[in-house]
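Hello,

Here is the structure for you to look over.

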Amino acid sequence: MPSRLTEAFRAHPVHLHHNHLDLESVREVPDSHAWPPLDDDYPAADSFGVETVPVIDLMDPKALKLVGHACKTWGVFQVTNHGIPMTLLRAVESQGRRLFSLPPHQKLKAARSPDGISGYGLARISSFFSKLMWSEGFTIVGSPLDHARQLWPQDYSKFCDVMEEYEKEMQKLAGRLMWLMLGSLGITKEDVKWADAMDEFRGACAALQLNSYPSCPDPNRAMGLAAHTDSTLLTVLYQNSTSGLQVFRDGSWTTVPPLPGALVVNVGDLLDILSNGRYPSVLHRAVVNRTYHRLSIAYLYGPPMNVQISPLSRLVDTTNPPLYRTVTWTEYLGTKAKHFNKALSSVRLCVPLNGFIDMNDHNRVKVG
Ligand SMILES: C=C1C[C@]23C[C@@]1(O)CC[C@H]2[C@@]12CCC[C@@](C)(C(=O)O1)[C@H]2[C@@H]3C(=O)O
Ligand SMILES: O=C(O)CCC(=O)C(=O)O
Ligand SMILES: [Fe+2]
C-alpha cells in the first residue's frame with residue numbers, strides 16, 4: 001500500500017531550499033554547512049579493546065539468540081549470508097552513483113515536493129538544524145518510474161529495474177529479519193494479529209533511501225546525516241566500502257565498519273514500541289571524509305500504514321506495564337516530522353519500573 005505512505009507528510013510539509021551548492025566542487029566548507037567540530041562532541045569509541053558492532057551469519061544455527069542479544073545491547077548488527085546477491089548490491093550502488101553524478105539542475109527535475117515523500121533533495125530532518133548537511137538523498141516509495149523518467153527521459157528503465165528488484169529482495173529479507181527479532185523475544189505468529197493481514201510481513205510498507213556523501217575538505221566541521229533514530233520497525237542498510245555510519249552507545253560514537261557484502265540492520269522506533277522497550281531503537285548518524293565519496297542505501301521497513309502498533313501483549317504484565325501508546329506508522333511519521341528526536345518520548349506512557357536507564361533518552365545527546 002505505498003500510496004498510503006505518501007500521505008504521511010501531507011499535514012507536515014517541509015520547506016527546504018533545494019538551492020544546491022554543488023558539494024563536489026567546493027574547496028572549503030562554507031558557513032552554511034559548518035557544524036561545531038565533531039571532535040568536541042562525544043568521544044569516539046573506536047579504539048583498541050572496545051567492543052564492536054556484532055556481525056551475525058544468518059545461516060548460523062544460533063542466529064536467533066545472537067540477533068536477540070544484538071538488539072538488546074546494541075540496537076544494530078551486521079548480517080552476512082543474507083541471500084542478497086553481490087551483483088544486485090553492486091548494481092544498486094552503480095545506479096545510485098549514476099543518479100548523484102547528474103548535474104544539479106537535472107537532479108532538481110526530480111525534486112521531492114514539500115509535502116511529498118519520494119524524490120531528490122536534502123535530508124528531511126534538515127529543517128530541524130540551522131546548518132545544512134553534507135549529503136543529498138533520493139527517496140523511492142513504490143515505483144521510481146515517474147522520477148526516473150524526469151532524470152533520464154530516454155534511459156530510465158535500467159534504474160527502475162534494478163531498484164524494483166532490490167525492493168523485492170529487501171522485502172523478503174526484512175520479513176525474515178523481523179521474525180528473527182520477534183522470535184528472539186519468544187513472539188510467535190499467533191501473537192501478532194496483523195502479521196496474517198500482511199501475509200507474514202510481505203505486505204509491509206517501505207521506503208528506499210539513497211544517500212550520497214561527497215568527500216569533504218574539512219570533515220571535522222561537516223555532518224553527513226545528523227543523529228537520529230529511524231521511525232521504522234527495522235532498517236536494512238547497504239554501505240559502500242567507505243565508512244561513515246556511527247551508532248551512539250554507552251556515551252560514545254562507534255563506527256560500523258563496512259564489510260564487503262554485509263548489510264547493517266538497525267532497530268527502529270516502531271520495534272522499540274512493539275517490544276515494549278526491550279529492543280531500543282538505535283541513535284545513529286553519518287560522518288564524512290576528506291577523500292572518498294560515500295554512498296549508502298537504506299531500506300526503511302514498516303508495517304502497513306493503517307495497522308495499530310502497540311507493545312505486544314505477551315511482553316506486558318504488572319511488572320512490565322505498556323511503555324507506549326498505540327500509533328499507526330502514518331501517525332508516527334507525522335509525529336516524527338513535527339518533533340524529530342522527541343517523537344518517541346512523545347508517545348511514551350511511563351518510565352520503566354525496573355529502573356533501567358532509558359536507552360532512548362536521546363535528549364541526552366547533542367543533536368545540533
Ligand atoms: C519512510 C520514511 C522514513 C524516513 C522518512 C521516510 O519518508 C523516507 C526517508 C526516511 C528518512 C531517512 C533519513 C533519516 C530520516 C529520519 C529522514 O529524515 O528520512 C528517515 C525517516 C524516518 O525514519 O523517520
Ligand atoms: O548513510 C548512512 O550510513 C546512514 C543512513 C541513514 O541513517 C538513513 O538513511 O536513515
Ligand atoms: Fe537512519
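The shell around ligand 1 divides by class into seven nonpolar, four polar and three charged residues. (Ala, Val, Leu, Ile, Met, Phe, Trp, Tyr, Cys and Pro count as nonpolar, Asp, Glu, Lys and Arg as charged, and the others, Gly among them, as polar.)

Ground rules. This is a predicted model, in which local features need pLDDT of at least 70 and side-chain atom pairs pLDDT 80 or more, while totals for chains, interfaces and linings use all residues. Residues are numbered from 1 along each chain as its sequence is written, chains are lettered from A and ligands numbered from 1 in the order written, and side-chain values use heavy atoms, without hydrogens and water.

Ligand 1
There are 14 residues around ligand 1 (near means a heavy atom within 4 Å). Phe9, Ile117, Arg124, Ile125 and Ser231 come nearest. An N or O atom in the Ser231 side chain is 2.4 Å from an oxygen atom of ligand 1. Alone, ligand 1 exposes 460 Å², and the protein buries 95% of that (Shrake-Rupley, 1.4 Å probe). Two elements each give two or more residues to the shell: E5 and helix H9 (329-339). H9 gives the most, with three residues. (Helices, H or I of at least four residues, and strands, E of at least two, are DSSP runs numbered from the N terminus.) The space that ligand 1 takes is the largest cavity. (A cavity is a set of points, on a 1 Å grid over the protein atoms alone, where a 1.4 Å probe fits but cannot get out; a molecule sits in it if more than half of its atoms lie within 2 Å of its grid points.)

Ligand 2
Ligand 2 also sits in the largest cavity. Of the 13 residues around it, Asn211, Tyr213, His284, Arg294 and Ser296 come nearest. Oxygen atoms of ligand 2 lie 2.6 Å from a polar side-chain atom of Tyr213, 2.7 Å from one of Ser296 and 3.0 Å from an N or O atom in the side chain of His284. Taken alone, ligand 2 exposes 290 Å², of which the protein buries 96%. Strands E5 (205-213), E6 (225-228), E11 (284-286) and E12 (294-302) each give two or more residues to this shell. By class, it has six nonpolar, five polar and two charged residues.

Salt bridges
The structure holds 11 (a side-chain nitrogen of Lys or Arg within 4 Å of a carboxyl oxygen of Asp or Glu). One of them joins Glu93 and Arg97, at 3.4 Å from N to O. Both are in helix H3 (residues 86-100), and because they are four residues apart, about one helical turn separates them.

Best wishes

Terms used: A polar contact is a pair of N or O atoms within 3.5 Å; within protein, one must be able to donate a hydrogen and the other to accept it, and residues adjacent in sequence count only if both atoms are side-chain atoms. On a 1 Å grid over the protein atoms alone, a cavity is a set of points where a 1.4 Å probe fits but cannot get out, and a pocket is an open set with protein on both sides within 12 Å along at least five of seven lines; lining residues have an atom within 4 Å of a point.
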